Amino acid sequence: MKDAAAYLGLSPRTLYVWRHRRQGPPSFRMGAHRRVTYRLDALDAWIREQEQADSRSNPALNPVSAAPKRRVGYSATA
């Protein structure tokens, strides 16, 4: 968990809370002590998902670049 937190630039406490809330990157328990483990490829995939969901990284989600919407029932002529 410490290595995964360092890899993501987060505190281990943040990963613990996210895991408890069933948020964040996918994890599983492994070994005799049932240690919480994260796969490196799952962490990378989760990072990519976060990038795609962020309007600063994904221009398609940026509201400034969206085409203006017309109001329903509004007439431009006065």
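Good morning. Of the 78 residues in this chain, 15% count as buried, where buried means under 20% relative accessible area, exposed over 50% and partly exposed in between, with a 1.4 Å probe and protein chains only. The model is predicted, so local features need pLDDT of at least 70 and side-chain atom pairs count only at pLDDT 80 or more, while totals for chains, interfaces and linings use all residues. Residues are numbered from 1 along each chain as its sequence is written, and side-chain values use heavy atoms, leaving out hydrogens and water.

The secondary structure comprises 3 helices and 2 strands, in the order α-α-β-β-α from the N terminus. Helices (H or I, at least four residues) and strands (E, at least two) are DSSP runs, numbered from the N terminus.

The largest nonpolar core has 8 residues: A4, A5, L8, L15, V36, Y38, L43 and W46. Such a core is a set of buried Ala, Val, Leu, Ile, Met, Phe, Trp, Tyr and Cys residues joined through side-chain atoms within 4.5 Å. Two elements, α1 (2-8) and α3 (40-52), each give two or more residues to this core, and α1 supplies the largest share, 3 residues.

Finally, which aromatic residues pair? The rings of W18 and W46 have centres 5.5 Å apart and planes at 50°, so the pair is tilted; the criteria are centres within 6.5 Å, with planes under 30 degrees apart stacked, over 60 edge-to-face and the rest tilted. The pair links helix α2 (residues 12-20), which holds W18, to helix α3, which holds W46, 28 residues apart. W18 is partly exposed at 23% relative accessibility, whereas W46 is buried at 14%.

Conventions
Rings of Phe, Tyr and Trp (its six-membered ring) pair if their centres lie within 6.5 Å; planes under 30 degrees apart count as stacked, over 60 as edge-to-face and the rest as tilted.
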